[in-house]
Amino acid sequence: MADWTDCLNFGISIAKQASEVGVMATNENAVKLKSSPADLVTETDQRVEKILISAIRNRYPQHRFIGEESVAAGEHLELTDSPTWIIDPIDGTVNFVHRFPFVAISIAFTVNRQTQFGIVYSCVEDKLFYAQRGGGAFLNGEPLHASGQQGDITRVTSHMCYITHDIMSRDDVALSTMTSNIRRLLQFPVHGVRALGTAAVDMCQVATGGADAYYHIGMHCWDIAASAIIVQEAGGVVMDTDGSEFDMMSRRVIAASSAAVADRIAQVIQAFPCCRDDEDNCGCGATGVN
Ligand SMILES: O=P([O-])([O-])O[C@@H]1[C@H](O)[C@H](O)[C@@H](O)[C@H](O)[C@H]1O
Ligand SMILES: [Mg+2]
Ligand SMILES: [Mg+2]
């Protein structure tokens, strides 16, 4: 089996460099809207993606890329069997623009469409989450473990803390589905519900054991590909919100401390239509969903 440790180490070093010269070095206020008033892009997002891709391409000229801002600029999104880097240059752009202190660089690496490692660097906190397939998950070098919360959620809820995605969409159907999902989850006597505004860092909270579950509908593969393997390697579970196997292109994910907790959330929440990341114009009728 191939060993991708060299790529992992390179990914970690360029994530830290890009944070220093890009994310942390800029006070960005030149903002453009993408799919909704909460879906933003800045020149720093684009610059950081260029820094990352050119450094990786220089070192690994055969590798392919799926980058949020390259796709936004019209590049075709296709996950092939080739070694592929999936990049979100700034996850939490709304936070970045408002100087709310959770922004991350998220990098996943796939071979034969299977994720080999994931890196989530939470820049302001200086927290480096990473995991390599079969090698465990780490935060700043210390092993990570999901909470281990097990069993029927109706019995364990008094100990549960959920993390939910922030509401980016302004589409009516998506908005009402998301708010009613939160209502349904709050009908369990959970300790609390949180959202930090970066899907990558939100989901890593399940890997730390700080949150027992996270779900998101409408995000993209670059938001969660890296944190998915970090959760799995920390002993947690990731699945589709319909209870099927996790598919990073489906734009739906549940991450949880155990399969039982993930299953229970899948039974409670509802999805809304959004096109898969790897299908153009799928005909689902979704507009502006994020
Ligand atoms: O645009 P971006 O800041 O990279 O990523 C967004 C963040 O992860 C946000 O938390 C999530 O709710 C959105 O779905 C993502 O698009
Ligand atoms: Mg993102
Ligand atoms: Mg981004």
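Among contacts in the protein between residues at least 6 apart in sequence, what percentage join residues at least 24 apart? The value is 64%, where two residues are in contact if their C-beta atoms, placed from the backbone, lie within 7 Å.

This is a predicted model, in which local features need pLDDT of at least 70 and side-chain atom pairs count only at pLDDT 80 or more, while totals for chains, interfaces and linings use all residues. Residues are numbered from 1 along each chain as its sequence is written, and chains are lettered from A and ligands numbered from 1 in the order in which they are written.

Next, select strand β4 (residues 84-91), where isoleucine 90 is found. An unreviewed UniProt entry annotates Ile90 as "binding site", and such annotations may be inferred rather than shown by experiment. Isoleucine 90 counts as buried because it has 32 C-beta neighbours inside 10 Å (buried means 20 or more, exposed 12 or fewer, partly exposed in between). Beyond four places in sequence, its contacts include Val23, Asp45 and Phe96.

Finally, select helix α7 (residues 199-208) with helix α8 (residues 221-233), whose axes, lines fitted to C-alpha atoms over the stretch in contact, lie 8 Å apart at an angle of about 10 degrees. The two helices α7 and α8 are therefore roughly parallel (angles under 35 degrees). Among the residues making this contact are Met203 of α7 and Ile230 of α8.

Definitions and conventions. Axes are lines fitted to C-alpha atoms, for helices over the stretch in contact, and angles run from 0 to 180 degrees between N-to-C directions. Helices (H or I, at least four residues) and strands (E, at least two) are DSSP runs, numbered from the N terminus. Angles under 35 degrees count as roughly parallel, over 145 as roughly antiparallel, 65 to 115 as roughly perpendicular and the rest as oblique.
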